[in-house]
Amino acid sequence: MLAGGRSSRFGQDKARFDFAGRPLMGWVLGSLEAADERFIVSSSDYPEFGLTTHPDLLPGGDSLSGLHTALSLARNDWVAVAACDLPMLSGPYWEHLLGWASPEVRAVVGVGSSGHMEPLAALYHRSLLSEVEERLRSDRLKLQSLLEAAPVRRLEWAGLEARFGKDLYLNANRLEDLP
């Protein structure tokens, strides 16, 4: 779980924002309930969620720093990485992505309705760690460019929408983004 943004467009800590009776981060953590291990990557502390929180090991690289920390600390080869502001993710979504994981790919990523990959609701293989670290050290911080360079299994929007609904990648960047 990545919760590293400043929530400046949202106007308050969106991880803790109550959405339909539960904090936004609670929805995302619930989607990962079946995971073997769960932890939060953030410079803020979230004791109310009952998970260990780790700051970025190599700070300053935005989401790429969070991915680096997650890959560095994970015990499993495949790591689910989710932003704290995607409340429509679900356990079946993660199971679906994991079903597409294979030795020939290093990430499994859905494509949103805009046609862009959704890097903060994706599975990453720990073998990407050295590439992520090299990109951080050379100030190449875009997750999209990492995914364009790595062997990736792209799951197209039409299939994801049919299975999980049009709001799957609802991203709460602003308060008005929430239904």
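Predicted model: local features only at pLDDT ≥ 70, side-chain atom pairs only at ≥ 80, totals over all residues.
**Notebook: a sheet and the helix on it**

I started with W78, whose bridge partner in β7 is H125.

β5 pairs with strand β7 (residues 121-125) in the antiparallel sense, and I find 5 bridges between them. In general, strands of a sheet pair through backbone hydrogen bonds, either parallel or antiparallel.

Then I went for the whole sheet. I get an open sheet of 4 strands in the order β5-β7-β6-β8, and the pairing is mixed. Which strands stand at the edges? They are β5 (78-82) and β8 (152-155); each has a single partner strand, so one side of each is left without a neighbour in the sheet. From one strand to the next, I note a twist that averages 20°.

What packs on this sheet? I find α3 there, touching β5, β6 (107-110), β7 and β8. The direction of α3 makes about 35° with that of β7.

I stayed with α3 and checked its meeting with another helix. Two packed helices are described by the angle between their axes and the distance between the axes, so I looked up both. Helix α3 (residues 91-99) and helix α6 (residues 157-164) have axes that come within 11 Å and cross at roughly 145°. I log the crossing of α3 past α6 as right-handed.

Which residues meet here? From α3 I list P92, Y93 and H96; from α6, L160, R163 and F164. I sort the residues of this contact into 4 nonpolar, 1 polar and 1 charged.

Definitions and conventions. Residues numbered from 1 in each chain as written. Heavy atoms only, no water. Axes fitted to C-alpha atoms, helices over the stretch in contact; angles between N-to-C directions. Helix = DSSP H or I, 4+ residues; strand = E, 2+ residues; numbered from the N terminus. Left-handed = near helix turned anticlockwise from the far one by under 90°. Contact = heavy atoms within 4.5 Å. Nonpolar A, V, L, I, M, F, W, Y, C, P; charged D, E, K, R; others polar. Pairing = 2+ DSSP bridges.
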